[in-house]
Amino acid sequence: MSDKVRKTIIAGNWKMNKLRKEASELASALVAGTKGKENLPEIVLCPPFTCLDVVVAAAKGSPVKVGAQNVDHRDSGAFTGEIAPPMLVDCGASYVIIGHSERRQFFGETNQTVPLRVKAALNHGLTPIVCVGELLDERENELTDPVVKRQVGAAVTGLTEEEILKLVFAYEPVWAIGTGKVCESKEAARVVALVRSTLKASFQNKETAEQVPVLYGGSMSAKNAEELLAQDEIDGGLIGGASLKADEFLEIINHACKRPRLSATKA
Ligand code: PEP
């Protein structure tokens with residue numbers, strides 16, 4: 001058994017918001033607001049592609065990391081409108097969100113395209129934040145578990161144990177994203193645990209799956225973050241709307257600072 005400690009991660013998905021000046025100001029306010037804090041989680045800001053460089057500049061010299069919201073699986077070529085992994089690395093990004101429900105819903109992302117992007121991101125040293133989660137209709141038809149298991153299984157297709165250990169997952173029930181309807185914390189923790197137990201199939205030593213960080217996303221806010229982050233299983237948040245205002249995002253980070261660092265063996 002390993003004593004590896006799972007990271008707490010607070011990631012902000014800015015979606016299609018912020019111009020460069022606004023992005024730079026928000027990132028600078030977050031860097032200033034986290035300075036000197038103890039027990040900080042890993043903080044990841046995921047602005048639109050056009051703001052990556054200004055956010056990287058604002059975060060320079062701080063522990064704040066920068067991520068993109070999508071990535072193509074090819075390195076270059078005639079793929080108009082796409083962004084390749086080396087381009088993200090070139091901009092200073094170290095994370096990338098893959099398989100967000102809005103990409104699945106509006107831009108043709110599927111369980112077939114997700115693993116290609118995951119593998120490409122890993123090949124270039126980017127940390128994928130892989131999003132999984134059920135639609136409202138699927139939840140109402142008691143399909144949450146099979147849907148999530150299928151998405152997790154697909155995402156790790158063809159990956160080695162070593163590669164899977166570099167992933168971060170985010171359980172994001174689609175009905176909770178941007179709706180203000182947060183998943184009840186015990187239920188969120190149950191599905192987060194299901195993500196990890198699904199990963200067991202990929203490891204010879206099943207306990208190793210306990211090392212993979214799994215976040216919760218879906219209307220996480222300054223009001224509900226404390227309760228969600230109090231769940232041992234939940235290793236942090238992927239936050240949309242509430243990551244766009246420095247004060248609210250900093251409040252969520254403050255709640256994360258109070259989390260004890262859990263040993264993967266105890267989680
Ligand atoms: C998201 O975009 O991943 C998300 C969870 O959004 P929100 O926090 O606004 O629900």
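**Ligand shell, helix faces and selected residues**

With a relative accessible area of 27%, His124 counts as partly exposed, where buried means under 20%, exposed means over 50% and partly exposed lies in between, computed with a 1.4 Å probe and protein chains only. His124 sits in the loop between α5 and β5 (127–132), with helices (H or I, at least four residues) and strands (E, at least two) taken as DSSP runs and numbered from the N terminus. The C-alpha atoms of His124 and Ile43 are 81 residues apart along the chain and are separated by 21 Å.

This is a predicted model, in which local features need pLDDT of at least 70 and side-chain atom pairs count only at pLDDT 80 or more, whereas totals for chains, interfaces and linings use all residues. Residues are numbered from 1 along each chain as its sequence is written, and side-chain values use heavy atoms, with hydrogens and water left out.

**The ligand and its surroundings**

- In the side chain of Glu172, an N or O atom is 2.7 Å from an oxygen atom of the ligand, and a polar side-chain atom of His100 lies 2.9 Å from a ligand oxygen atom, both being polar contacts, that is, pairs of N or O atoms within 3.5 Å.
- Ser219 contributes through its backbone, a polar atom of which is 2.8 Å from an oxygen atom of the ligand.
- Taken alone, the ligand exposes 290 Å², and the protein buries 96% of that area, as computed by the Shrake-Rupley method with a 1.4 Å probe.

**The loop between β1 and α1**

- Lys15 lies in the loop that runs between β1 (9–13) and α1 (20–34), and it has a positive phi of about 50° although it is not a glycine.
- Lys18 is placed in the loop between β1 and α1 as well, and its phi, near 90°, is also positive in a residue other than glycine.
- Most residues other than glycine have a negative phi.
- Lys18 is partly exposed, with a relative accessible area of 27%.

**Helix α7**

- Helix α7 covers residues 144–155, 12 residues in total, and reaches 17 Å from its first C-alpha to its last, close to the 16 Å expected, a span calculated as 1.5 Å times one less than the number of residues.
- The buried residues of α7 are Thr144, Val147, Val148, Gln151, Val152, Ala154 and Ala155.
- Viewed down the axis of α7, these buried residues fall within an arc of 165°, so they line one face of the helix; the arc is that of the directions from the helix axis to the C-beta atoms.
- An α-helix has 3.6 residues a turn, so residues three or four places apart point the same way.

- Thr113 belongs to helix α5 (residues 113–123) and is partly exposed at a relative accessible area of 21%.
- The side chain of Thr113 reaches the backbone nitrogen of Thr110 at 2.8 Å; within protein, a polar contact also requires that one atom be able to donate a hydrogen and the other to accept it, and residues adjacent in sequence count only if both atoms are side-chain atoms.
- Lys186, found in helix α9 (residues 185–199), counts as exposed at 57% relative accessibility.
- From Lys186 to Leu228, 42 residues apart along the chain, the C-alpha separation is 8.2 Å.
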